[in-house]
Amino acid sequence: MDPPASFRWLRRVLLAALTVFTLVPVLVMLGSSLKPLQDVQGPFRWIPSTVTLRPYADIWRTVPLGRYLVNSLIVAGGSTICSVLVAIVAAYAVSRYRFRGRRFFTVTVLSTQMFPGILFLLPLFLLLVNVGNATGVALYGSRGGLILTYLTFSLPFSIWMLVGYLDSIPRDLDEAALVDGCGPVRALVRIIVPAAVPGIVAVAVYAFMTAWGEVLFASVLTNEETRTLAVGLQGYATLNDVYWNQVMAASLVVSVPVVAGFLLLQRYLVAGLTAGAVK
């Protein structure tokens with residue numbers, strides 16, 4: 001049964017308003033990134049009086065943006081890979097096996113999402129410093145330490161979401177694989193993982209987004225050599241001036257990997273989030 005005409009028009013108006021609300025900041029960023037600095041600091045104009053691409057060239061010289069970009073890719077990519085691998089194994093165990101403490105484990109893992117990140121900042125800082133002093137492995141100020149830190153936030157929700165998706169996969173697939181001679185690990189790798197690609201992609205996108213735009217822990221647990229993009233953008237603000245046109249240009253440049261990845265994976269992302277939410 002088709003919805004009434006009034007509902008269709010209301011839906012169109014709301015979608016149009018939401019589109020404008022979303023695109024206006026992007027258009028402001030794009031316009032400001034194409035202006036000279038003096039124009040950005042003057043009265044705001046939607047259409048630049050002078051268009052220049054110089055800010056897009058200067059962003060690489062004002063701050064070491066290339067190094068920050070590499071650090072962010074390594075940290076976000078490493079955190080995503082580790083989160084996906086651990087979440088697959090943990091979610092498979094919780095979804096397919098019944099053991100004592102299973103429900104307690106699930107509730108405990110999800111309950112960690114209730115606490116704000118600032119609550120863990122000092123404990124994680126002390127933990128990384130003490131582990132480095134005891135073992136000689138430099139975790140504080142390193143990319144590896146930041147990857148471990150981001151795992152503490154992305155992994156609980158990743159496990160919970162992937163458990164919901166694996167529960168939607170029929171257990172007959174596991175039983176058929178076992179009958180054909182596959183062990184639990186082989187059945188997971190060859191049968192369950194290919195069937196759970198949408199859920200895995202959703203977990204990967206969530207883990208990557210969590211690490212890519214995080215500021216609090218990256219500003220404390222990194223140094224000049226391991227600084228990420230989210231913190232490195234502060235370098236465009238000096239004691240004497242703020243290079244707003246370069247800030248806007250750099251913000252657009254660093255958003256390209258995330259937007260491109262989302263557009264490529266949105267089909268799997270929607271399917272994974274929907275199946276995980278049903279559970």
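## Salt bridges around Arg 67

Arg 67 pairs up with Glu 224 in a salt bridge, their closest N and O atoms sitting 3.1 Å apart. Arg 67 belongs to helix α4 (residues 65-96) and Glu 224 to the loop between α11 (216-221) and α12 (229-232), so this pair ties together parts that are 157 residues apart in sequence. A salt bridge here means a side-chain nitrogen of Lys or Arg within 4 Å of a carboxyl oxygen of Asp or Glu, and that rule gives 5 salt bridges. Helices are DSSP runs (H or I, at least four residues), numbered from the N terminus.

A word on the source: this is a predicted model, where local features need pLDDT of at least 70, side-chain atom pairs count only at pLDDT 80 or more, and totals for chains, interfaces and linings use all residues. Residues are numbered from 1 along each chain as its sequence is written, and side-chain values use heavy atoms, with hydrogens and water left out.

Arg 67 also meets Glu 225 in a salt bridge (3.8 Å, N to O). Glu 225 is in the loop between α11 and α12 while Arg 67 is in helix α4, so here the parts tied together are 158 residues apart in sequence. Then there's Arg 227, whose side chain bridges to Glu 224 at 2.9 Å, N to O. Through shared partners, Arg 67, Glu 224, Glu 225 and Arg 227 join into one network.

How exposed are these residues? Each one in the table counts as partly exposed, between buried (under 20% relative accessible area) and exposed (over 50%), using a 1.4 Å probe and protein chains only.

| Residue | Relative accessible area |
|---|---|
| Arg 67 | 29% |
| Glu 224 | 35% |
| Glu 225 | 48% |
| Arg 227 | 25% |

Methods: Helix = DSSP H or I, 4+ residues; strand = E, 2+ residues; numbered from the N terminus.
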